[in-house]
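Here's a quick tour for anyone meeting this structure for the first time.

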Amino acid sequence: MVVLLILLILLISSKLPWLFRPLQQFMSIVGLPIVLAGVFYYLLNPLVDRLERRFKINRTLTISAVFVIVILLLGWGIWSIIPVINQQIQAMIQALPSYLKHISNDINGLISQPMFNRFQDQVNHLSDLASKELSQRSSAYVKSTVNSLGNVLGTLTTVLVALVTMPFILFYLLRDGKQLPKYLVQFVPNKMRPSFLTVLGEINRQISNYVRGQLTVAFFVAIMFWLGYLVIGLKYALTIGIIAGILNMIPYLGSFLAMIPAILVGAFVSPWMLVKVLLVFVVEQTIEGRVLSPLILGSNLKIHPVTIIIVLLASGKMFGVLGVIFGIPGYAVLKVLVVHLFNWYQANSSLYEQPKTKE
């Protein structure tokens with residue numbers, strides 16, 4: 001009955017999109033800074049708690065000191081790393097025409113082989129169709145550029161507002177976050193308060209373990225790829241390593257997506273460089289799978305790999321990039337709620353009573 005009621009509510013909600021449009025507009029404004037503040041909260045809160053206990057300093061002063069340290073580290077990173085990344089990206093863009101020419105020469109050399117002579121007409125026909133389609137799409141993109149300029153400016157404005165407001169939200173989360181469960185429990189009936197606090201605590205542990213674990217693993221993955229590419233002499237090692245670390249936050253699929261730019265660059269250099277890139281990937285995957293992930297992440301979420309892939313595909317289809325990144329913790333939270341709801345229903349329903357045995 002409960003399941004049917006939930007499905008009915010979802011069906012009615014899908015037929016009345018205007019009902020949730022104000023909430024959608026509200027979340028489009030405050031959602032990004034809240035998410036960013038939440039991520040940094042789970043990263044910095046253990047440090048703030050430890051410093052507060054160790055040095056017996058007022059929590060507000062401790063948070064302010066941590067903020068100063070983080071700002072200095074970010075400033076150092078921007079001052080030292082961003083110029084290198086910018087230089088490597090510009091070099092990659094400048095080398096792109098030569099890469100494309102290399103691909104074109106390889107394809108032309110392959111097509112000119114005697115075994116492909118009988119298919120020459122079909123290849124020329126497909127080439128003409130591809131050129132015509134590319135020209136039409138280019139014209140369409142040029143026409144839509146002016147229309148999409150407003151969307152781009154709107155997105156940039158949203159990101160800028162998020163970056164400005166996120167530190168303020170983060171400050172108050174670090175200072176008053178522990179009081180949030182006590183505040184929320186006031187709206188819950190007295191008999192349900194212990195269970196409510198238990199559920200909140202478990203959700204908090206699930207999210208904190210995931211966020212800290214994924215970001216820590218991603219950091220070490222970026223370091224390993226960067227060092228590995230430096231050792232083998234691959235171009236753009238720092239940029240490709242950072243891309244690999246960012247993409248590694250996507251469970252299971254991120255590591256393979258991160259290999260695409262490295263494989264492309266390595267293949268254009270030489271077949272031997274491609275082999276060395278693959279060796280770096282094998283070594284990184286071995287260290288990550290056997291050491292890093294079990295040590296840092298462990299099995300706290302207790303989610304089957306097939307379930308993770310299904311969640312990634314579904315959340316990515318519904319919510320895009322953010323769905324892929326936050327689909328797994330969202331599923332973990334939903335799993336906690338469903339498990340506790342089912343345990344409550346099992347305890348209060350006569351359907352799960354054990355049959356009495358006759359003496």
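In helix α9, the buried residues are G254, S255, A258, M259, P261, A262, V265 and G266. Keep in mind that this is a predicted model.

**Helix α9**
- α9 covers residues 253-269, which is 17 residues.
- From first C-alpha to last, α9 reaches 26 Å, close to the 24 Å expected at 1.5 Å a residue.
- There's a bend of about 30° in α9 at I260, and the proline P261 follows within four residues.

**Nonpolar cores**
- The largest nonpolar core has 23 residues, and the members touching the most others are I63, F67, L170, L174, L312 and I328.
- Which helices each supply at least two residues of this core? They are α2 (21-55), α3, α5, α7 (193-232) and α11 (305-348).
- Another core, of 19 residues, lies apart from that one, with V221, I232, Y236 and I240 among its members.
- In soluble globular proteins, nonpolar side chains tend to be buried together.
- Pick out L170 and you'll find it in contact with A37, F40, Y41, L44 and F67, leaving aside neighbours within four places in sequence.

**Aromatic rings**
- The model has 6 aromatic pairs.
- One of them is F67 with F171, an edge-to-face pair at 6.1 Å centre to centre, with 85° between the planes.
- That pair links distant parts of the chain: F67 sits in helix α3 (residues 59-80) and F171 in helix α5 (residues 120-176), 104 residues apart.
- F67 and F171 are both buried.
- Elsewhere, R54 lies over the face of F55, 5.8 Å from the ring centre.

**T62 in helix α3**
- T62 is part of helix α3.
- Why does T62 count as buried? Because its relative accessibility is 5%, and the cut-off for buried is under 20%.
- Setting aside neighbours within four places in sequence, T62 is in contact with V48, L51, E52 and I57.

**I250 in a loop**
- Look for I250 in the loop between α8 (237-247) and α9.
- Its relative accessibility is 14%, so I250 counts as buried.
- Not counting residues up to four places away in sequence, I250 touches L257, L312 and V324.
- I250 and G327 are 77 residues apart in sequence, and 9.4 Å separates them in space, C-alpha to C-alpha.

**Two positive phi values**
- Most residues other than glycine have a negative phi.
- K56 has a positive phi, near 55°, and is not a glycine.
- You'll find K56 in the loop between α2 and α3.
- Is K56 buried or exposed? K56 counts as exposed because its relative accessibility is 69%.
- Y236 isn't a glycine either, yet its phi is positive at about 60°.
- The loop between α7 and α8 holds Y236.
- With a relative accessible area of 10%, Y236 is buried.

Note on methods. Residues are numbered from 1 along each chain as its sequence is written. This is a predicted model: local features need pLDDT of at least 70, side-chain atom pairs count only at pLDDT 80 or more; totals for chains, interfaces and linings use all residues. Side-chain values use heavy atoms; hydrogens and water are left out. The expected span of a helix is 1.5 Å times one less than its number of residues. The bend at a residue is the angle between axes fitted to the seven residues ending there and the seven starting there. Buried means under 20% relative accessible area, exposed over 50%, partly exposed in between (1.4 Å probe, protein chains only). Rings of Phe, Tyr and Trp (its six-membered ring) pair if their centres lie within 6.5 Å; planes under 30 degrees apart count as stacked, over 60 as edge-to-face and the rest as tilted. A charge sits over a ring if NZ of Lys or CZ of Arg is within 6 Å of the ring centre and within 35 degrees of the ring normal. A nonpolar core is a set of buried Ala, Val, Leu, Ile, Met, Phe, Trp, Tyr and Cys residues joined through side-chain atoms within 4.5 Å. Contact means heavy atoms within 4.5 Å.
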